[in-house]
Amino acid sequence: MNLFDQIKFQDGLVAAIIQEQSTGRVLMMAWMNRASLEKTLETGQTHFWSRSRQKFWKKGESSGHVQTVKDIAVDCDGDALLIQVEQAGSACHEGYKSCFFRSAGNQGKTLSVTESRLQTPEQIYGNK
């Protein structure tokens, strides 16, 4: 039995939770199709499918903030992946280490930034 036999792609996609291996911090969630998972396994760096842009993409292709894969696990239902990585730079396109840089408070009535921004998007991508 191989990895692909265990994955239940929904509409051709599977959720991929990206976690920094050294700290356990969840960095991001993205979608993978079979081709992006195959490319991730082949290269050792994460590749995803963008639902909004309908496009295959490599993490860090614009910013240089690549993710080196250390481990890939499949959940018990086969509908999500946990990919542990070594993160170079920020994982979030807004310049934060993690895409989960805001936390709800006051029973969801407030949202607070919970970590320092590493870079601004302009520093990462330049003025576009």
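This is a predicted model: local features need pLDDT of at least 70, side-chain atom pairs count only at pLDDT 80 or more; totals for chains, interfaces and linings use all residues.
Residues are numbered from 1 along each chain as its sequence is written, and side-chain values use heavy atoms, with hydrogens and water left out.

Student: How many aromatic pairs does the structure hold?

Tutor: Rings of Phe, Tyr and Trp (its six-membered ring) pair if their centres lie within 6.5 Å. By that rule, the number of aromatic pairs here is two.

Student: Is the pair of Phe 48 and Trp 57 stacked, edge-to-face or tilted?

Tutor: Planes under 30 degrees apart count as stacked, over 60 as edge-to-face and the rest as tilted. Phe 48 and Trp 57 lie 5.0 Å apart, centre to centre, with 40° between the planes. The pair is tilted.

Student: And which type is the pair of Tyr 96 and Phe 101?

Tutor: The ring centres of Tyr 96 and Phe 101 are 3.7 Å apart. Their planes meet at 10°, so the pair is stacked.

Student: Is Phe 101 buried or exposed?

Tutor: Buried means under 20% relative accessible area, exposed over 50%, partly exposed in between (1.4 Å probe, protein chains only). Phe 101 has 3% relative accessibility, so this residue counts as buried.

Student: Which ring does the charged end of Arg 34 sit over?

Tutor: A charge sits over a ring if NZ of Lys or CZ of Arg is within 6 Å of the ring centre and within 35 degrees of the ring normal. For Arg 34, the distance to the centre is 4.0 Å, and the ring is that of Phe 4.

Student: Where does Asn 106 lie?

Tutor: Strands (E, at least two residues) are DSSP runs, numbered from the N terminus. Asn 106 has a positive phi, near 50°, and is not a glycine. Its place is the loop between β7 (102-105) and β8 (110-113).

Student: Is Gln 107 buried or exposed?

Tutor: Gln 107 is also in the loop between β7 and β8. Its phi is positive, about 55°. With a relative accessible area of 77%, Gln 107 is exposed.

Terms used. Helices (H or I, at least four residues) and strands (E, at least two) are DSSP runs, numbered from the N terminus.
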